[in-house]
Amino acid sequence: MRYYAGLDVSLAETSVCVVDEEGKILREAKVASEPEALATWLGALGLSLTRVGLETGALAGWLCEEMTELGVPNVVCMDARHARAAMVAMTHKTDRNDARGLAQMLRTGWFRQVHVKARRTMELRTLLTSRKTLVLKIGDVENQIRGSLCLFGIKLGTAKRRTFSERVRELTADLPRVAAILDVLLQAHAAMLFSLDRLNRMVLEIAREHAVCRRLMTVPGVGAVVGLTFIAAIEDPARFAKSRSVGAILGLVPRKHQSGEIDRNGRITKTGDTEARAALFEAAHVMLHRVKKWSGLKVWATKVAQRQGNKRATVALARKMAVVMHRMWVDGTTFRFSATEPSAAAAA
């Protein structure tokens, strides 16, 4: 007899449902969302569990790793989007019913398993997301200050980030109350710039020591941040039998709708790693519009831009770059500039 356990995880408690191979519910409970508590409860059942599954979420990776180390067999992480679609017909959504649905999905095999990243990869991802958060918050503070100055007819104009505070203080010298208010924001701005410098140094140190990242940085438009973001998203290139699968995993391929006589392609799916997709889009934009040296990729993207516009060409180039970067990772090669500049008419 085979047995399956579905876990619906929340921050405080986890609803657990255990079923047999015929779908009969054997045990249900609410257990603390701690790996030790879950492993102890499942072990006390005295059953040889075929699969233990939980949805992707904030605690999913940590619980999967810790429960596996504690001896819980066959722990799998299930795609939350796929699970939601499978259980959309339920009229009453509760944690208990969700756990039941997950257990039945494990029993039937109708679920999509998600790769659980290693702790080192999650540390790298934390560094990159923390850096991005600071960049966005610094921009928010600067925009707030610019907007406040406009209320008094002061137009800040273009100001470099490192001289931003000096320029604001100079323009508000005749407005002491405004200067006192904005000085608080400027102090926060300076503190965030200092913290951003520390994170940037960490990123550069990791990129300098990471052989794969240095190899990926030979691609035009790809720097340390883009390279490390791509590495954190893929983690293990052997997970993909074909390099062209990477574009689909990162949500850079068109949606497909085919039914009867209807057959059309839509916008890109935007599934998978959002950070990697955004980083590749930015890198593609740099290659297409800022990099002067021509390559086969840039020539191809330029032709696409002439036919379908810059935005579609940038998205298409981002997908191509993902495929090329994965192949470079697998083969241990660097980027090759194999193309020459096209004709002036084509490049215009």
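Colleague: Which residue in the turn between β6 and β7 has a positive phi?

Modeller: That's Gly260, with a phi of about 65°, in a hairpin that has two residues between β6 and β7. Before we go on: this is a predicted model, where local features need pLDDT of at least 70, side-chain atom pairs count only at pLDDT 80 or more, and totals for chains, interfaces and linings use all residues. Residues are numbered from 1 along each chain as its sequence is written, and side-chain values use heavy atoms, with hydrogens and water left out.

Colleague: OK, and in which sense do β6 and β7 pair?

Modeller: Antiparallel, over five bridges, with β6 covering residues 254-259. Two strands pair if DSSP finds at least two bridges between them. Strands (E, at least two residues) and helices (H or I, at least four) are DSSP runs, numbered from the N terminus.

Colleague: Switching to α1. Which of its residues are buried?

Modeller: In α1 (residues 35-44), they are Pro35, Leu38, Ala39, Trp41 and Leu42. Buried means under 20% relative accessible area, exposed over 50%, and partly exposed in between (1.4 Å probe, protein chains only).

Colleague: What covers the buried residues of α1?

Modeller: The cover includes strands β1 (3-9), β2 (13-20), β3 (25-32) and β4 (49-55), plus helix α2 (60-69). Just after α1, look for Gly46, which has a positive phi of about 70°.

Colleague: Which residues other than glycine do that?

Modeller: Asn74 is one of them, with a positive phi of about 55°. Asn74 sits in the loop between α2 and β5, and counts as partly exposed because its relative accessibility is 46%. Glu235 is another non-glycine example, with phi near 60°, in the loop between α9 and α10. Most residues other than glycine have a negative phi.

Colleague: New topic: is Asp79 buried or exposed?

Modeller: Asp79 counts as buried, because its relative accessibility is 13%. You'll find Asp79 in the loop between β5 (75-78) and α3 (80-86). Leaving aside neighbours within four places in sequence, Asp79 is in contact (heavy atoms within 4.5 Å) with Thr56, Arg112 and Val114.

Colleague: What about pockets? What volume does the largest one have?

Modeller: About 1100 Å³. On a 1 Å grid over the protein atoms alone, a pocket is an open set of points where a 1.4 Å probe fits, with protein on both sides within 12 Å along at least five of seven lines; lining residues have an atom within 4 Å of a point. Of the 34 lining residues, Thr56, Val114, His115, Lys117 and Asp273 are the closest to the centre.

Colleague: And the second largest pocket?

Modeller: That one holds about 690 Å³ of space and is lined by 21 residues, with Arg267, Ile268, Lys311, Arg312 and Val315 nearest its centre.

Colleague: Which element gives the most to its lining?

Modeller: α13, with six residues.

Key:
Points joined across faces, edges and corners; volume = space filled by probe spheres on them.
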